[in-house]
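Thanks for making the time. I have one structure to show today, and I will go through it piece by piece.

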Amino acid sequence: MKTPKSDMRQRIIAIDNNSIAEELGIKPGFSLLRINGEPVEDVIDYEQLTAETSISLELETDNGEVIEADVEKDEYEPLGLYFESGLMSPVRSCKNKCVFCFIDQMPKGGRETLHFKDDDWRLSLIMGNYVSLTNVNDKEFDRMLRRRVSPLYISIHATDGDIRKRMMANPTAGRIMERLYALKEAGLSFHGQIVVCPELNDGESLKKSIRELYALRPAAQTLALVPVGITKFRQGLYPLRLLTKQEASDIIDYAEAFNKMVLDKGEEGFVYASDEMYMIAQRELPSYESYGEFLQIENGVGLLRQFEHGFNEALKQMEPIKKKVKLAGATGVSARGFLQSLFDKLLPYGIELKLNGIRNEFFGHTITVSGLVTAGDIAAALKGITADALLIPDDMLRERDSVFLDGHDTAWLEKELDIPLWPMSAADGEEFVYDLFDRINEEN
């Protein structure tokens, strides 16, 4: 019996039928030890090492015997193995103490997941989560370069090391440009994010960050500028304030002028202010075409224009409904005006949809986005409402679930308001229209 060369094991829990793994006689309960002589730390190692056409596996059976298997296969052909977790490793938590951290501004209690801070570069690559790179040591960063992880999504906030350390309360935060240069030298790419905090990283500091990040092109692909969010739960935290209307407008002016310079050079756009920044500045959103491929949509950059475009295109294909309906909607206060003007286009189709902007009592009135509206606030604001149904955006709910941030679910809210509740797509206007007409026609 051979002795394992490494204590790093990946326990196999299932095997695909008619797969390479089944042909090799691999069983659930076996552990994967090495591929091509390398230990498998996580799914990043596994996916890259198994992508080759010729690989060698080292496994441990459920009775402790170590076996080896050589595999010849097509490039990227899967082995058919499933492990105990999709990441094949625990999610890595964040050690930063960012002055603007939203999780630190959450009320006590509630789901544990609402209070967990992740800063895992693997999730950046797989899911597009933003990471700071401050919780990655040099050995791990070298592995990132070796595994060719790209594109990454990086929370930068400031290119000035001292400012970034002050904002993130982590001594390694000052190495950001060193890390970004290394990504560029390795031929890797990233998208950046800056949470703009007044009197910390705005003004000349922000302009400097934009210029220095643009100089890293083509590695630096896009940059999003997002206003800091502040809840009422900031007791004992760094004294932050919101951007003023003028400050937000000045940021937009600089970003738009900078992008014009980039576009005039024949390049793709680079820096974008989020939709929320435009709401604060009370400025009209840029055109749909100006967002290019909408690469910063997860930061709320171009989200409303993308929704509008899909909505308008889908509406062209619709016919008026047979029986008129009166609907109500709930959303955050910031986007209410924009969305109401869009939903008014439903009137010729026999659909009256009145949208209600819900003031956020749960987190405080400074929070104006729909995704942070709670069931309790909707119930209080819309008590006694009469309509055929109440529409809510699905970003108010836990993903693939019916639970709001305050712990109430959709069934509770339906009972409180005595009205049918229709969760609708918050991000896809085309899906919104198709779903809306399907629901109405089903009811009629």
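What you see is a predicted model. The chain has 444 residues, and 51% of them count as buried. Its secondary structure comes to 14 helices and 14 strands. Along the principal axes, the C-alpha trace spans about 75 × 55 × 50 Å. If we take the contacts with a separation of 6 or more, 71% of them are between residues 24 or more positions apart.

First region: strand β4. This strand covers residues 54–60, and five of its seven residues are buried. Which strands does β4 pair with? One is β2, residues 31–35, which pairs with β4 in the antiparallel sense over four bridges. In that pairing, Ile 35 stands opposite Leu 57 of β4. Another is β5, residues 66–72, again antiparallel, over seven bridges.

Next, the loop between α3, residues 121–127, and α4, residues 138–146. Ser 132 lies in this loop. Is Ser 132 buried or exposed? The cut-off for buried is under 20% relative accessible area, and Ser 132 has 3%, so it counts as buried. Leaving out residues up to four places away in sequence, Ser 132 touches Asn 96, Asp 119, Ser 155, Arg 164, Met 168 and Ile 176. With Asn 96 there is a polar contact, side chain to side chain, at 3.0 Å. For scale, Val 196 is 64 residues from Ser 132 in sequence and 15 Å away in space, C-alpha to C-alpha.

Leu 133 lies in the loop between α3 and α4 as well. Leu 133 has a positive phi of about 70°, although it is not a glycine. Its relative accessible area is 5%, so Leu 133 is buried. As background, most residues other than glycine have a negative phi, and most peptide bonds are trans.

Asn 18 is in the loop between β1, residues 10–15, and α1, residues 20–24. At 71% relative accessibility, Asn 18 counts as exposed.

On peptide bonds, there are two cis cases to show. Ser 150 and Pro 151 are joined by a cis bond, with omega about -5°. Pro 151 is in the loop between α4 and β7. The bond from Arg 217 to Pro 218 is also cis, with omega near 5°. Pro 218 is placed in the loop between α7, residues 203–214, and β9.

Back to the loop between α4 and β7, where Arg 147 is also found. Why does Arg 147 count as buried? Its relative accessibility is 6%. Setting aside neighbours within four places in sequence, Arg 147 is in contact with Glu 38, Ile 44, Asp 45, Gln 48 and Leu 49.

Phe 338, Leu 339, Gln 340, Leu 342 and Phe 343 are its buried residues. They pack against α10, β11, β12 and α14. Thr 331 lies in β11 and counts as buried at 5% relative accessibility. Beyond its neighbours within four places in sequence, the contacts of Thr 331 include Arg 336 and Leu 339, along with Leu 355, Asn 356, Gly 357 and Ile 358. Ser 370, Val 373 and Met 396 are also among them.

Last, the second largest pocket. It holds about 450 Å³ of space. Its lining has 25 residues, and those nearest its centre are Asn 259, Gly 269, Tyr 272, Ser 290 and Tyr 291. Which element gives the most to this lining? That is α8, with five residues. β9, α8 and β10 each supply at least two residues. By class, the lining has 13 nonpolar, seven polar and five charged residues.

That is the end of the tour, and I can take questions now.

Technical notes:
Residues numbered from 1 in each chain as written. Predicted model: local features only at pLDDT ≥ 70, side-chain atom pairs only at ≥ 80, totals over all residues. Heavy atoms only, no water. Buried < 20%, exposed > 50% of the residue type's maximum accessible area, 1.4 Å probe, protein only. Pairing = 2+ DSSP bridges. Contact = heavy atoms within 4.5 Å. Polar contact = N/O pair within 3.5 Å; in protein donor to acceptor, adjacent residues only side chain to side chain. 1 Å grid on protein atoms, 1.4 Å probe; cavity = no way out; pocket = protein on both sides within 12 Å on 5 of 7 lines; lining within 4 Å. Points joined across faces, edges and corners; volume = space filled by probe spheres on them. Nonpolar A, V, L, I, M, F, W, Y, C, P; charged D, E, K, R; others polar.
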